[in-house]
Amino acid sequence: MTGYQGHVIPVIIAVWFMCFLEKKLHEKVPEMIDLFVTPLVTVLVTGYLTLTVFGPIFSTLEEWILIAVQWIITIPYGLGAAVAGAIYPLTVVAGVHHMYNTVEARMLGTGYNTWMPIASSANFAQGAACFAVALKTKDQKFKTMALPSSLSAFLGITEPAIFGVNLRLVRPLVCGMIGGAIGAAVGSMFHIGATAYGVTGLFGFLTCADFIWQYAIMLAVSFAVSFALSWITHRDKAKDEDGEAAEEAELALPEITCEAGKVYAPIKGNVIPSAKIPDETFAAGVLGEGVGIEPEEGVVYAPFDGEISSTTDTKHAIGVSSPDGMELLIHVGVNTVAMAGDGFELFCAEGDQVKAGQKLITFDIDKIKAAGYSTTTAVLVTNSDDYAGIEIMEGACNPLDCVISIKEEAEEPAEEAAETEE
């Protein structure tokens, strides 16, 4: 007898529970019947709980929130509107901003929609903060994303600006919240009201025809405050410094002439014998002899001129073949296959021809440690049985320092050679 079609929070809670339940069922239900049982049980249980628990409880909670919002914006002197304008972007981040349509519909039933100018001010301010970043940043890739995102926000669609730029950098988000609060306060003091809902930003002039100049002033204030604060506080520090450091590290690698039977360090760090790698398979030489490198930087370079013989979907390991037939495995970390590629980025594909020093993989050292895994990287000659042995260099190494030398087939001692001739 109760419909929840117009509510947002009950739906979010129901979908979250549905996701949690489905994952648990996949873990418990035998694979043979999983395809049938898991979807059926997931839908039946979630549907029942939504109608009997999530719907009644969280629709009531949503009603209380909407009543609180309506009360807040009635606080005099624009103070309530300022609070609402500041927190509006946060509700966009949470995905619950659509519930305000209910408030706007109720307002239109008794007069003007005074919530729309508040939302419009908040949206315009986020666009202005993003626009400041677009103009000031020196990162061309980031600029090409931020500029159209800001223009979209000026037309009322703020998700690209908030999620793509402002939330990632935090400071522009806060600057936009401040600008939105001040603009909303101005709009409240002008008693701006809309005759419809669903559009904000520049398109809002269509629904605020009775308050054209007041609406223009409100948007101008929102823009000016947010743009100025974002321009002053924005720094390209985090992204640019990391990116430039990685590029400088790559460009600084020496040019070398690869010698047959030599493996050059693919990572900067501390070299240890493969027997000391904290993994039984690597330490026992099951996959071949070689070294382990305790990395100082999260970049893997090509250890010689050759061909990528294999890659993994999880991006944590690759195989490289040399022209003289050496097969090398580079495995970043221990048990990192369980990370399913999180924190790894691959810059090559199977069959690619690579040059010594070419970037092949990047990985997040802190993320690997946080997941509880060793970062020690195995560099193993998988066909080491084809050779008489290998020599390794231990201790600190820079990329492209020689760390493994192959011993070819040993020469027969002179006495054995003489006996053979006889």
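Author: This is a predicted model. In helix H9, the buried residues are Gln214, Tyr215, Met218, Leu219, Ser222, Ser226, Phe227 and Ser230. Helix H5 (115-136) and helix H8 (171-189) are among the elements that cover these buried residues of H9. H9 itself takes in residues 212-233, 22 residues in total, and its first and last C-alpha atoms lie 32 Å apart, close to the 32 Å expected at 1.5 Å a residue.

Helix H1 can be read in a similar way. H1 covers residues 9-28; its 20 residues should span 28 Å at 1.5 Å a residue, and the distance of 29 Å between its end C-alpha atoms agrees with that. Buried in H1 are Ile9, Pro10, Ala14, Phe17, Leu21 and Leu25. These residues cover an arc of only 125 degrees around the axis, so they sit on the same side of H1. An α-helix has 3.6 residues a turn, so residues three or four places apart point the same way. Trp16, Lys23 and Glu27 are exposed, on the face of H1 turned away from its buried side.

The model also has an open sheet of 3 strands, in the order E4-E10-E8 and with antiparallel pairing. Strands E4 (299-301) and E8 (344-346) are at the edges with a single partner strand each, so one side of each has no neighbour in the sheet. From one strand to the next, the twist averages 15 degrees. E8 pairs with strand E10 (residues 359-363) in the antiparallel sense over 3 bridges, and Leu346 stands opposite Ile361 in E10.

Key. Residues are numbered from 1 along each chain as its sequence is written. This is a predicted model: local features need pLDDT of at least 70, side-chain atom pairs count only at pLDDT 80 or more; totals for chains, interfaces and linings use all residues. Side-chain values use heavy atoms; hydrogens and water are left out. Two strands pair if DSSP finds at least two bridges between them. Helices (H or I, at least four residues) and strands (E, at least two) are DSSP runs, numbered from the N terminus. Axes are lines fitted to C-alpha atoms, for helices over the stretch in contact, and angles run from 0 to 180 degrees between N-to-C directions. The expected span of a helix is 1.5 Å times one less than its number of residues. Buried means under 20% relative accessible area, exposed over 50%, partly exposed in between (1.4 Å probe, protein chains only). The arc is that of the directions from the helix axis to the C-beta atoms. Contact means heavy atoms within 4.5 Å.
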